[in-house]
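Subject: Structure handover

Hello,

Here is the structure you will be working with. Please keep it open while you read the notes below.

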Amino acid sequence: MLPSADQNEILRRRTFAIISHPDAGKTTLTEKLLLYGGAIHVAGAVKSNKIRKTATSDWMEIEKQRGISVATSVMGFDYSGYHINILDTPGHQDFAEDTFRTLTAVDSAIVVIDSAKGVETQTRRLMEVCRMRKTPVMVFINKMDREGKDPFDLMDEAEKELGIHCTPVTWANGQGLKFESVFALNNRPAEMSEKMQEDMEIIDEVYPTFDREAYLRGDLAPVFFGSAYKTVGVQELLDFLVANAPAPLPVTAEEREVEPMEDKFTAFCFKIHANMDPNHRSCIAFFKICSGKFLRNTYYYHVRKDQQMRFAAPTCFMAQKKETVDEAFAGDVVGLPDTGNFKIGDTLTAGEHLHFKGLPSFSPEMFKYIDNADPMKQKQLEKGVNQLMDEGVAQLFISQLNGRKIIGTVGQLQFEVIQYRLEHEYQAKCKWQNLPMYKACWIESDDDAELDMFLKRKAQYMAKDKEGRDVFMADSAYVLSMAQQDYKHIKFHFTSEF
Ligand code: G4P
């Protein structure tokens, strides 16, 4: 066990992500949280973090902005005796995989919903990941200063669309132009309008009181109302979060469960941020510390490479500044400068052979064959493609029909990123050929005969992923649902981990 001073450091950590559909107010809320922590002093400071809407088709511009956002990838600050780490999640849907993986590194999440728009697609998808991982979530219904949907309807929608029970913790005094403030439901104003009294009766009748255990299990989401823009309802959310959100949780490795308070350091890599400047092929590998304490200039064991490594310039992220750190604790994220040693999912330990689980790949939705466009550069192309896949830019499959390489992504942008980086970092050229597929899913079955039959009948749709597992590429939703109906003993998985 760690000395108690170190244990206290871990207990006071709250590491979470804010997830939302673009424009719901994630950046504004993040900024207001940082203001409360005294981490920034002026509103507007976090804006650079955001991928601006005008740039959606220009990925270089997006990457430039993402480059800026390295510094805001993790925002650490102290508040009320707690140490908070907010992990930034890119709002742009083409980077959804990045966001999915970031969610594997948090202990809880805040879901931001726009009161006028309700639950939107991106929020729904991200929430699926939280549900799968049983991540505790809090809901912040934002923009109450605008005309929006009825608060009860919004909660119904959240329950239905997000698949989680909800219970309000605060309530808004008015909405739209009449919006003034919020109050805690366990500390109601003495004077209330008739409408508000009716609301209170409904709340008392319909919603359960907040049950922290149910929240921690991922069954119940406390709901907050407010306006990030007007800084109303934000402090209530933050105070509730530090008091109720979990301190760093145990993490499951293939070998065993790892407890944050163990004295030996362990961490896993959930994100690699490439430097887009072709003159510096250096990256930052982001490691989430699962147990113990990380020390600068100390040798740690890189399990996959079976190699000791030490880091002279690890960084941590305090608000908007990237700073070299001497120590960091379970719950924190450290950024390790990397020149190609790390892959997503890599484990660092104090010597133990551990492999952390839980970094699934998600079923991609866009596919292209990738071919070599410069016969002299076959080797470079191969190396580049492999390294980019290790960084988690996209997924590689090999068609069982023709042996060709297929790249699968969640967004169109990734193809451009890959092509550009192959040219500029690996001096290799690629060509794309569209492959109009609907979805790739991993299949498995206990019924060998049925699996054999499936593999034979669907041979032209079969591929292998980079671990050699069978992947079925359905060319339409219909084909997929027919296959699910016809082959009852085959499981179709939409993430690589099952
Ligand atoms: P995102 O990170 O989730 O994409 O959203 P962001 O915070 O950038 O907010 C999107 C837009 O919504 C911004 O307006 C922001 O000012 C506005 N907004 C955020 N919270 C609230 C709120 O509580 N009430 C109201 N009325 N508006 C809110 P914008 O016009 O796109 O940008 P800006 O010119 O205000 O910077």
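Contact here means heavy atoms within 4.5 Å. In that sense F225 touches F140, I141, M144, P151, M155, P168, T170, W171, A172, V182, V232 and G233, leaving out residues up to four places away in sequence.

Some ground rules come next. This is a predicted model, in which local features need pLDDT of at least 70 and side-chain atom pairs count only at pLDDT 80 or more, while totals for chains, interfaces and linings use all residues. Residues are numbered from 1 along each chain as its sequence is written, and side-chain values use heavy atoms, with hydrogens and water left out.

Overall picture

The protein has 13 helices and 29 strands. Both are DSSP runs numbered from the N terminus: helices are H or I with at least four residues, and strands are E with at least two. Of the 498 residues, 55% are buried. Buried means under 20% relative accessible area, exposed means over 50%, and partly exposed is in between (1.4 Å probe, protein chains only). Among contacts between residues at least 6 apart in sequence, 73% join residues at least 24 apart.

The core

In soluble globular proteins, nonpolar side chains tend to be buried together. A nonpolar core is a set of buried Ala, Val, Leu, Ile, Met, Phe, Trp, Tyr and Cys residues joined through side-chain atoms within 4.5 Å. The largest one here holds 55 residues, and L162, W171 and F225 touch the most other members. Helix α6 (residues 151–162) gives the most to this core, with five residues. At least three residues come from each of domain 1 (16–68 + 89–244) and domain 2 (252–349); the domain bounds come from an automatic or database domain assignment.

V223 lies in strand β9 (residues 220–225) and counts as buried, because its relative accessibility is 1%. V137 is 86 residues from V223 along the chain, and their C-alpha atoms are separated by 9.4 Å.

Strand β20

Five of the six residues of β20 (residues 333–338) are buried, so this strand is largely enclosed by the rest of the structure. Strand β13 (residues 283–291) pairs with β20 in the antiparallel sense over six bridges; two strands pair if DSSP finds at least two bridges between them.

The ligand

Which residues come nearest to the ligand? Of the 19 around it, they are D23, K26, T27, T28 and D145. A polar side-chain atom of T28 lies 2.5 Å from an oxygen atom of the ligand, and one of S227 lies 2.9 Å from a ligand oxygen atom. An N or O atom in the side chain of D145 is 2.7 Å from a nitrogen atom of the ligand.

Loops

Q175 is found in the loop between β7 (170–173) and β8 (181–184). Is Q175 buried or exposed? Q175 is buried, with a relative accessible area of 19%. The side chain of Q175 reaches the backbone oxygen of K149 at 2.7 Å.

S80, in the loop between β2 (74–79) and β3 (82–87), is exposed at 55% relative accessible area. Phi of S80 is near 55 degrees, a positive value in a residue other than glycine.

Regards

Note on methods
Near = heavy atom within 4 Å. Polar contact = N/O pair within 3.5 Å; in protein donor to acceptor, adjacent residues only side chain to side chain.
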